[in-house]
Amino acid sequence: MASKGIKDQVAIVGMGCTKFGERFDKGADDLMVDASNEAFTSIGNGVDKNTIDAYWLGTAMSGNSGITLARPLQVEGKPVTHVENYCATGSEALRGAAYAVSSGAYDIAMAVGVEKVKDSGYQGAVGAGKVPTDGTDRTLTAAAMYSMIVPAYSKKYGVAESELRDVLAHIAAKNHYNGARNPRAQFRKEVSTETICGAPKMAGSLGVFDCAGVADGAAAAVVVRAEDAHKYTDKPLYVKALSLVAGTGAGLSDPEYDYTTFPEVAATAEDAYRQAGVTDPRHELAMAEVHDCFTPTEMVLMEDLGFAERGTAWKEVLAGTFDLGGELPVNPDGGLKSFGHPIGASGLRMMFEAWLQLRGEAPPERALGNERKLALTHNLGGYPGEMVSFVSIVGTEKG
Amino acid sequence: MRGIVSAAGYIPRARLDRSAITGFVGSGGGRGTRSVASYDEDTTTMGVEAARIALRSAPTGVRPDALWFSTVAPSYLDKTNATAVHAALRLDHDVPAFDMVGAVRSAVGALLTAVKSSGTTLVVTSDLRTGLPGSGDEASGGDAAAAAIVGDGDNVIAELIGARSATEEFVERWRTPGDARSKQWEERFGETKYLPLGDQAWREALKAAGIEADDVDTLIVSGLHARAVRSLKARLGVGKEAQADDLSSTIGNPGAAQPLVLLTRALETSEAGKVIALVVLADGADVLLFRTTDAITSWQSARTVDDQVAAGKEVPYGKFLSWRGTLTVEPPRRPEPARVSASSAGRHEDWKFGFVGGRSPETGEPQLPPLPNSTGDVPMADVEGTIATFTVDRIAYSPSPPIVFAVVDFDGGGRLPIELTDATVEELSMGDRVEMTFRRLFTADGIHNYFWKARPVLRSSNG
């Protein structure tokens with residue numbers, strides 16, 4: 001891949017994140033304003049909406065155009081760009097803001113991600129965008145598409161589906177354990193593996209607890225040129241890598257594709273590690289926030305992101321490698337499992353955990369158990385065989 | 001020589017055990033089973049399936065130059081239904097497609113008119129028989145389609161040797177447009193009308209063909225008036241051994257499709273030089289006499305009626321009622337799909353109706369669906385495939401949840417993740433063989449969304 005990246009050119013100097021959940025009390029407007037104001041407050045020094053030169057708004061289904069943010073925040077005479085890229089929408093907003101600052105076009109920019117999902121009147125996420133079609137598109141839910149990983153992985157690596165059941169339960173239990181220690185999470189209870197395994201089935205062998213919930217929420221990040229970072233904060237996060245791939249959908253029609261890997265994710269991971277100069281992610285990263293939309297997704301991601309060798313993620317999961325305090329904590333904030341998934345907000349919510357953890361602001365009960373200086377966030381959107389993938393890496397030190 | 005070149009029946013897989021009706025309603029029902037169109041089938045999709053088998057069974061190079069579609073239960077009014085059949089069969093644009101819909105008699109009328117005119121005509125008949133719960137029509141009806149290719153020359157397997165009709169206006173069975181049920185006058189009245197009409201047409205047809213009743217090797221009497229059919233059959237002078245089974249105990253009476261389903265079945269089992277008599281009682285009597293030719297010895301159905309009759313799978317009565325819209329069941333709490341865009345569907349007619357993929361310019365592999373860079377057409381409707389993996393979706397919208405879904409690898413290349421039908425997840429395994437079938441996915445704003453699904457391959461009884 002030809003991306004050169006913008007390592008150490010831009011820094012995140014302020015962040016905000018609302019509590020995620022069934023926010024019947026708040027609209028998208030309120031959530032955006034809350035997240036933005038928290039980001040301004042985190043910087044202090046009189047930074048407010050007027051300080052920001054340009055805005056990037058990520059939302060998949062809660063509004064169109066920059067006006068969606070400009071009106072509630074009342075930003076006057078400023079460029080506000082609306083971006084959408086499936087579940088990578090929030091990360092895409094950050095990418096836009098970071099690249100704009102690194103280009104020199106602006107001194108300070110803000111990325112805001114929001115989704116108001118719970119106004120649809122339906123349980124679960126309902127399709128974003130209603131493009132008129134010829135009626136031949138798949139009507140399958142994401143749960144069903146991702147459920148096909150389980151038998152495929154079982155067959156390829158000779159792991160009994162009953163054993164995989166324990167692996168998936170471990171992933172769900174781990175993320176709920178972490179989420180129980182996070183006041184911003186939607187679900188704040190630990191869940192036993194017995195409950196997880198006994199839950200009603202949604203699609204394939206996936207039960208309710210194998211699926212991420214649905215939630216409303218917003219998060220925001222302020223970015224400036226790296227050399228200006230210390231004017232705003234003592235503890236900036238330097239952007240090390242931002243990598244995006246939009247798949248061609250080839251996996252859906254390629255008989256060689258076997259539903260045990262996401263090539264788009266592997267490509268973004270490789271690109272991001274190259275941009276950041278990371279060679280051993282499992283031992284260089286302090287933590288990773290990954291897109292655990294479904295438990296088998298997280299299992300496969302451990303391999304695609306290079307945290308585990310091919311065919312070994314299931315063992316590593318059971319061994320606790322990715323638990324809080326494990327070798328590489330994954331989803332220390334509770335992940336999509338605990339937060340739910342407001343599409344436009346999730347990428348920035350993940351970055352918010354990196355913000356807290358790397359700056360030493362996460363509560364002790366969510367301690368990572370290591371002193372490393374880099375964090376990774378990852379989103380994917382779409383389906384096995386046809387997805388967008390996004391990997392970000394940030395760090396507390398230049399170089 | 002003019003007559004039938006190829007013929008086929010299509011019997012949907014679902015069967016309703018008539019005793020289940022008695023158990024639920026407390027009356028009605030009876031013995032045996034009837035065929036039931038699945039929730040994703042209508043007269044158009046069943047007609048497509050019958051026509052596909054008829055075309056597959058026809059000698060190479062036989063292409064219809066006209067398509068006539070007849071049904072009592074059209075999916076559209078104003079708009080022609082035959083055009084969807086035309087598109088699914090990928091007939092040329094200069095082949096006209098006409099509907100002959102409304103009356104049961106229109107179906108035999110289409111066949112008779114085709115045999116008496118010129119050119120190669122594909123006649124498709126299809127019916128979906130409904131009735132109120134507990135009614136005789138509900139129990140005795142059946143859902144099916146049948147198609148015949150009518151033409152001239154050496155390919156004719158059954159030559160028309162005589163045909164006569166008798167017509168009279170009388171109210172015996174009728175339905176108000178839009179009603180789900182038909183009504184009938186007292187049975188005896190219809191019988192007194194049908195018998196003399198049947199006698200008259202029979203006598204004259206035999207005379208026209210220059211044969212006696214004794215010469216008839218297979219007698220088919222079709223009609224929804226069961227009592228008149230039974231009585232007439234007994235008095236035409238044809239021995240019991242020559243009277244064809246009407247399949248009423250297995251698939252029921254598929255109304256407008258019955259004449260061609262039974263005629264097809266007779267052709268599938270006939271030797272050369274046999275006389276087949278088709279008598280249809282519907283608002284009069286129509287008699288068609290055929291003699292099979294030497295060409296029938298080399299004609300073989302790609303999928304026989306008997307194989308399909310034998311492949312039935314029971315459907316619970318409650319599901320049958322919900323499929324027909326008689327019983328409204330709780331839908332999944334998901335948004336209903338939006339209507340199909342007519343202009344988008346029009347741009348993708350070959351893919352949507354014909355299941356025609358493209359070819360990758362780089363790898364030469366089939367691209368499903370075709371992409372803007374695809375080169376050439378790759379027709380996939382008649383290509384079988386293998387299930388690479390599959391799942392069941394309990395939360396997606398479906399008119400009959402849950403959705404069973406599979407990733408299908410097609411023989412000779414090409415893969416498509418696609419919905420399965422006529423299948424339950426418990427019976428499936430990776431590696432199972434599937435074939436494509438034309439179905440109605442859903443209806444929104446009155447527009448039917450036709451596309452293809454995969455279903456387990458039906459193997460013939462002789463392997």
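Two residues are in contact if their C-beta atoms, placed from the backbone, lie within 7 Å. The views below show a predicted model, in which local features need pLDDT of at least 70, side-chain atom pairs count only at pLDDT 80 or more, and totals for chains, interfaces and linings use all residues. Residues are numbered from 1 along each chain as its sequence is written, while chains are lettered from A and ligands numbered from 1 in the order in which they are written.

**Figure 1. Surroundings of Ala221(A) in the largest nonpolar core.** Leaving aside residues up to four places away in sequence, Ala221(A) touches Ile12(A), Met15(A), Ala39(A), Leu94(A), Met110(A), Ala111(A), Leu348(A) and Met351(A). A nonpolar core is a set of buried Ala, Val, Leu, Ile, Met, Phe, Trp, Tyr and Cys residues joined through C-beta atoms within 7 Å. A residue is buried if 20 or more other C-beta atoms, placed from the backbone, lie within 10 Å of its own, exposed if 12 or fewer, and partly exposed in between. The largest such core has 285 residues, and those with the most contacts inside it are Ala109(A), Val112(A), Ala221(A) and Ala147(B). Helix H14 (residues 343-358) of chain A contributes the largest share of this core, 10 residues.

**Figure 2. Overall build of chain A.** Chain A holds 14 helices and 11 strands; helices (H or I, at least four residues) and strands (E, at least two) are DSSP runs, numbered from the N terminus. Its C-alpha trace spans about 60 × 50 × 40 Å along the principal axes. Buried residues form 61% of the chain A total of 399.

**Figure 3. The boundary between the two domains of chain A.** Domain 1 covers 10-123 + 216-237 and domain 2 covers 142-210 + 239-395 of chain A, with bounds from an automatic or database domain assignment. Here 37 residues of domain 1 of chain A are in contact with 33 residues of domain 2 of chain A. On the domain 1 side, strand E1 (10-17), helix H3 (89-102), strand E4 (108-115) and strand E7 (217-225) of chain A give two or more residues. H3(A) gives the most, with 7 residues. That side has 21 nonpolar, 10 polar and 6 charged residues; Ala, Val, Leu, Ile, Met, Phe, Trp, Tyr, Cys and Pro count as nonpolar, Asp, Glu, Lys and Arg as charged, and the others, Gly among them, as polar.

**Figure 4. The contact between chain A and chain B.** Chain B supplies 34 residues and chain A 29 residues. Among the chain B elements that give two or more residues are helix H11 (342-347), strand E18 (385-393) and strand E22 (447-456). The chain B side divides into 19 nonpolar, 8 polar and 7 charged residues.

**Figure 5. An open sheet of 3 strands in chain B.** The strand order is E3-E2-E14, with mixed pairing; two strands pair if DSSP finds at least two bridges between them. Strand E3 (33-36) and strand E14 (313-314) of chain B are the edge strands, each pairing on one side only. Strand E2 (residues 14-17) of chain B runs antiparallel to E3(B), joined by 4 bridges. Asp17(B) stands opposite Thr33(B) in E3(B).
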